[in-house]
Amino acid sequence: MSAADAVVIGVDYGTLSGRALVVRVSDGAELGSAVHEYAHGVMDEALTARRGEPLPPEWALQVPGDYVEVLKTAVPAALREAGVDPGQVIGIATDFTACTMVPTTTEGTPLSELKEYADRPHAYVKLWKHHAAQAQADRINELAHSRAESWIGRYGGFISSEWEFAKGLQVLEEDPEIYAAMDHWVEAADWIVWQLTGEYVRNACTAGYKGIYQDGSYPDPDFLHALNPGFAGFVAEKLDHRIGQLGERAGGLSAAAAAWTGLPEGIAVAVGNVDAHVTAPAADAVAPGQMVAIMGTSTCHVMNGDRLAEVPGMCGAVHGGITAGLWGYEAGQSGVGDIFAWYVEHQVPGRVSTEAEGRGLSVHELLTEKAAAQPVGAHGLVALDWHSGNRSVLVDHELSGLLLGVTLATRPEDVYRALLESTAFGTRTIIEAFNSSGVPVTELVVAGGLLRNPFLMQLYADITGLPISTIISTQGPALGSAIHAAVAAGAYPDASTAGSVMGGRRKNAYTPQPEAAAAYDELYAEYRALHDHFGRGGNDVMRRLKAIRRRAHQQEVSA
Ligand SMILES: Nc1ncnc2c1ncn2[C@@H]1O[C@H](COP(=O)(O)OP(=O)(O)O)[C@@H](O)[C@H]1O
Ligand SMILES: O=C(CO)[C@H](O)[C@H](O)COP(=O)(O)O
């Protein structure tokens with residue numbers, strides 16, 4: 001095989017499905033792809049993998065076997081579509097949602113696959129949007145600040161309920177038997193690489209952003225003991241493991257994984273990575289100041305910086321967390337497309353769906369068209385985009401959504417537009433936090449499924465006041481993984497170099513319109529007033545409502 005024929009495979013593990021992409025190493029051409037939906041999807045109301053026992057509010061679980069099915073079905077299907085010989089494949093890499101955690105035995109068997117634990121919700125994968133560990137996160141944050149822990153600043157002052165420590169502490173406190181049975185608390189990003197290679201390597205990205213691993217160490221046992229004496233050994237007993245850098249070879253493809261995928265045994269398998277972070281090189285946007293927003297179900301914002309700064313409410317700063325040699329910053333919004341989906345599915349009257357169907361449009365497209373016809377502010381609304389809590393900059397998943405200004409004249413397209421705007425205001429809040437912390441955002445680069453809505457993109461340019469570049473690939477994370485596979489296979493020295501050849505973006509695809517931008521400034525000021533009032537202690541009604549909801553749920557369960 002000549003070097004020109006070499007291909008790599010990137011597999012992107014999203015919230016509902018996994019996608020495999022076959023990419024030519026020499027120029028990044030995307031030759032074939034295939035998607036596999038997880039059979040069990042997201043279990044957020046009931047443990048549907050078993051008898052359908054109800055789950056408490058804010059839970060979100062998955063079944064690890066669904067991830068392996070992606071290797072067995074999507075990889076061979078993508079190869080077939082690409083029409084390439086498996087012998088041309090020199091490497092494979094994966095990216096995953098994060099922080100998505102699998103409790104396993106020493107061999108990596110998920111506890112949910114053991115008969116004795118299959119009925120226990122805590123034995124399953126806790127998906128990134130499992131938000132039921134907020135009480136544990138609150139205690140971690142309070143204690144970290146009271147002890148002036150040096151690492152808390154690296155996380156913008158808050159550890160999220162979505163992350164390894166809060167979720168791990170929840171397991172200990174709610175199902176100690178599962179906690180005791182768990183030999184490893186593994187990021188799904190690393191579990192899948194373990195399935196591919198037979199070796200467990202913890203990736204530097206999730207270890208840093210989600211696992212509080214900074215400057216070579218984790219929070220110390222004293223800190224953990226103060227949280228809960230039973231948690232003192234969490235790092236040593238459940239978490240700590242060999243760390244691999246991004247783009248490194250984790251191992252060779254095992255015989256078992258070669259049989260699942262149809263790929264040659266022994267080809268390079270890259271160290272695991274996160275869906276957001278792999279996308280930066282896929283957009284060829286890894287220079288300091290280029291913020292890449294991966295906009296889909298949620299939005300992740302990733303950006304390199306050449307120095308360390310403490311940005312309030314960011315998810316974290318990790319050296320080498322995106323590409324080698326630079327400080328990688330991450331921030332995010334836990335709900336974006338998810339909020340639009342909730343509105344379309346649960347709040348829109350039937351006549352709108354009928355009209356959309358009649359015109360061959362999706363409800364999103366119809367509402368966007370109607371919303372675009374009105375001037376800025378004509379709906380008289382402002383919304384808070386916290387339907388899935390707030391990841392940045394408040395880091396509080398007890399917060400919830402808000403819509404203000406509704407009257408008897410408010411139409412579905414008005415609310416839809418207010419929701420689109422609220423997410424852009426959320427992104428502007430994040431950008432302003434970076435700008436005022438000494439790591440300014442100079443270019444906003446958008447990737448992800450929401451690129452399909454040009455009105456939304458223009459709205460983001462107008463609201464943030466920044467020109468927006470757009471990734472060329474429609475499969476950014478899978479391409480980003482493919483880039484890391486090429487690096488792990490030795491075809492390029494690093495992900496930045498590989499990204500400059502295999503990735504790319506359209507520069508300044510959307511530029512701010514001065515009149516709209518000025519009009520949005522006024523609405524943004526109202527958003528910020530509500531944001532600070534409800535998010536910074538002015539009124540804790542959102543937290544109280546969630547507590548009431550939990551109590552009511554508890555009564556329902558015990559009735
Ligand atoms: N025309 C549209 N405008 C705005 N949002 C849309 C539109 N069509 C679909 N969506 C939203 O896009 C989201 C899916 O984005 P996608 O990037 O495909 O998913 P994921 O983040 O899981 O990879 C859904 O939450 C859906 O609500
Ligand atoms: O926080 C993340 C990365 O750090 C998650 O992976 C992300 O928010 C989920 O991504 P998606 O919206 O694409 O399903």
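Let me begin with Gly358, which lies in helix α12, residues 350-358, where helices are DSSP runs of H or I of at least four residues and strands are E runs of at least two, both numbered from the N terminus. What we are looking at is a predicted model, in which local features need pLDDT of at least 70 and side-chain atom pairs count only at pLDDT 80 or more, while totals for chains, interfaces and linings use all residues. Residues are numbered from 1 along each chain as its sequence is written, and chains are lettered from A and ligands numbered from 1 in the order in which they are written.

Is Gly358 buried or exposed? Gly358 counts as exposed because it has 9 C-beta neighbours inside 10 Å; the scheme calls a residue buried at 20 or more other C-beta atoms within 10 Å of its own, exposed at 12 or fewer, and partly exposed in between, with C-beta atoms placed from the backbone. The C-alpha atoms of Gly358 and Arg50 are separated by 39 Å, and these residues are 308 apart along the chain.

Now the strands, where pairing requires at least two DSSP bridges. Strand β2 (residues 17-24) and strand β3 (residues 30-37) run antiparallel, joined by 7 bridges, with Val22 bridged to Gly32 in β3. The two form a hairpin with 5 residues between them, and Gly28 in the turn has a positive phi of about 80°. Strand β8 (residues 101-104) pairs with β10 in the antiparallel sense over 4 bridges, Thr104 having His184 as its partner in β10. In a regular strand the side chains alternate between the two faces of the sheet. In β10, residues 184-187, both faces are covered, with His184 and Val186 on one side, Trp185 and Glu187 on the other, and all of them buried.

Finally, the ligands. Which residues come nearest to ligand 1? Of the 19 residues around it, they are Gly296, Gly337, Ala341, His364 and Gly449, a residue being near when its C-beta atom, placed from the backbone, lies within 6 Å. Two elements give two or more residues to this shell, namely α11 (337-346) and α13 (363-372), and the largest share, 4 residues, comes from α11. Around ligand 2 there are 13 residues, of which Thr15, Thr97, Gly296, Thr297 and Ser298 come nearest.
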